[in-house]
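Biologist: I am new to this structure. Please walk me through it, one question at a time.

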Amino acid sequence: MKRRYIYLTAVVLSLSGCKESFLALAPISNTSTATFYKTGNDMVIALNATYGSLQSSGQYGSYYVVSEIPSDDTTPVLSGSVTDQDEFDKFYLRTTNPFLATRWNDGYRGIYRANAILDRIGAVTMDENLKKRVIGETKFLRALMYFNLVRVFGDVPLVLKETTDPAEGYNYDRAAVADVYAQIIKDLTEAEANLPDRYTGADIGRATKGAAKSLLGKVYLTRKQYAEAATKLKEVIDSGVYDLLPNYADVFKAANKNHKESIFDIQYKKGSIGEGNGLPNTYAPENSGNSVVQFGGGGNNRPTADFVNAYEAGDLRQNASMATGYTNAQGVRVEYNYVRKYSDTPTVSGDSEDNFPVLRYADVLLMYAEALNETAKPAEALPYLNRIRQRAGLAAKGTLTQAEMRLAIEQERRMELAFEGHRWFDLVRTGRAIPVLTAKAQAIGIKTSLTENNLVFAVPQSQIDINPSKIKQNPGY
């Protein structure tokens with residue numbers, strides 16, 4: 001994907017007054033929607049802006065707050081905005097929590113960009129193959145953003161056209177979860193038909209047919225449509241496009257990104273150009289100076305003792321994923337659990353090269369195993385589970401019952417996909433969040449307020465205040 005920097009000034013409320021850098025093919029500035037969206041090049045620029053929105057704090061920039069902090073894998077930093085993150089950890093969430101507002105707003109900013117493309121591209125004279133591809137990529141991105149919104153908030157407004165008048169926003173109430181998922185499935189099905197298997201050169205990193213199929217398989221799994229999930233995920237496996245890398249640690253090396261195991265990543269580029277990944281600094285220990293990563297760390301998203309103890313002896317993934325301490329500048333060992341899966345050296349603070357994996361082949365293999373197991377085929381699921389274990393240096397599992405296979409897949413997903421934003425949503429999807437997290441909290445004497453209401457988070461109070469006749473709060477908040 002070519003990386004230069006663009007500033008597209010929108011004239012609607014959702015983007016007014018801000019300039020945001022994003023990936024594009026050519027620079028423009030001070031352009032309004034009245035003169036933009038006229039050429040194929042404009043459409044590619046707008047599409048790249050939609051990809052760029054995935055880097056925002058409310059999408060994947062602080063994704064760990066809603067996907068990992070609520071789980072048993074990590075805890076929040078004990079300083080600074082500890083209350084804001086701790087509310088997700090112990091489930092006493094305020095409706096005014098800033099992470100909620102950012103997630104909602106950034107999600108819909110990205111959806112606005114996608115809708116503008118889809119509404120305007122039909123009138124643009126451009127190469128028809130490129131047009132089909134842009135439509136496919138845009139529908140994939142819109143589906144991904146809605147998938148993340150519906151899993152976090154439950155019912156959400158389903159906006160499928162460009163909003164050109166701020167007053168239009170008051171017409172939308174919260175669409176039912178089933179309706180949101182129906183649109184996600186529709187978008188992904190149409191995206192799959194229009195996307196290529198692979199890209200070359202500067203386009204590597206864009207959404208592919210395999211990305212659409214993989215996300216569709218995850219959606220079906222979330223909806224408990226196991227047969228449909230198995231079919232779609234098997235198509236990814238049979239495509240021959242993807243494979244596991246022999247060495248787990250190589251999956252996360254910045255110099256090795258967009259490899260054969262990568263299906264869809266959030267793309268980052270360091271160099272003080274506004275496109276770097278901040279996670280290496282976000283996750284490095286507090287007060288560690290340059291001992292772990294240049295420019296120090298924030299100590300966020302700390303692995304729990306329970307997570308550390310969940311590793312089997314000899315699991316090669318542990319050292320690639322996390323550490324239990326570091327040696328400081330004085331040569332003294334400091335005990336401190338921290339994530340090291342993203343570890344490229346930044347050029348300035350928060351400016352690393354690491355991509356963030358949204359979909360990778362190991363996830364597909366484990367989802368396929370889960371889909372097979374839920375259709376009463378644990379024996380057929382076993383080889384896919386064992387491929388993941390054996391890459392990690394662990395012994396293959398023997399014959400398992402369906403119930404045993406469920407727990408084995410849960411454990412393998414936890415360790416294989418650690419700190420990639422899966423654990424909380426996995427526990428919610430399988431109905432295991434309340435029993436697992438309640439038991440673990442009780443075991444260490446921590447009080448948790450987790451109930452069925454907490455399986456989705458609060459709607460931002462700001463949205464209710466703006467449109468109280470249409471936007472209602474989730475139960476329990």
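Modeller: First, a definition: contact means heavy atoms within 4.5 Å. This is a predicted model, where local features need pLDDT of at least 70, side-chain atom pairs count only at pLDDT 80 or more, and totals for chains, interfaces and linings use all residues. Residues are numbered from 1 along each chain as its sequence is written, and side-chain values use heavy atoms, with hydrogens and water left out.

Biologist: Among contacts with a separation of 6 or more, what share comes from residues 24 or more positions apart?
Modeller: Take the contacts in the protein chain with a separation of 6 or more.

Biologist: How many helices and strands does the protein chain have?
Modeller: Helices are DSSP runs of H or I with at least four residues, strands are runs of E with at least two, and both are numbered from the N terminus. On that basis the protein chain has 18 helices and 6 strands.

Biologist: What radius of gyration does the protein chain have, against the globule rule?
Modeller: The radius is taken over C-alpha atoms, and the rule is 2.2 Å times the number of residues to the power 0.38. For 477 residues the rule gives 23 Å, and the chain comes close to that, so it is as compact as a globular protein of that length. Its C-alpha trace spans about 60 × 50 × 45 Å along the principal axes. The radius of gyration itself is 22 Å.

Biologist: What percentage of the residues is buried?
Modeller: Buried means under 20% relative accessible area, exposed over 50%, and partly exposed in between, with a 1.4 Å probe and protein chains only. Of the 477 residues, the buried ones make up 56%.

Biologist: How many residues of H1 are buried?
Modeller: Helix H1 covers residues 40-53. The expected span of a helix is 1.5 Å times one less than its number of residues. For the 14 residues of H1 that gives 20 Å, which agrees with end C-alpha atoms 20 Å apart. H1 is mostly covered, and its buried residues number 13 of 14.

Biologist: Is Arg317 buried or exposed?
Modeller: Arg317 is found in helix H12, residues 317-321. Beyond its neighbours within four places in sequence, its contacts include Tyr248, Tyr311, Glu412 and Glu416. Its relative accessibility is 1%, so Arg317 counts as buried.

Biologist: Which residues does Gly421 touch, beyond four places in sequence?
Modeller: Gly421 sits in the loop between helix H15 (402-416) and helix H16 (423-429). At 4% relative accessibility, Gly421 is buried. Val65 is 356 residues away in sequence, yet 9.0 Å away in space, C-alpha to C-alpha. The residues touched are Tyr63, Ser67, Glu68 and Phe356.

Biologist: What phi does Ala376 have?
Modeller: Most residues other than glycine have a negative phi. Ala376 is in the loop between helix H13 (361-374) and helix H14 (378-391), and it is exposed at 55% relative accessibility. Although Ala376 is not a glycine, its phi is positive, about 65 degrees.

Biologist: Where is Asn258 found?
Modeller: Asn258 is not a glycine, yet has a positive phi of about 60 degrees. Asn258 is partly exposed, with a relative accessible area of 26%. Its place is the loop between helix H9 (226-238) and strand S2 (262-266).
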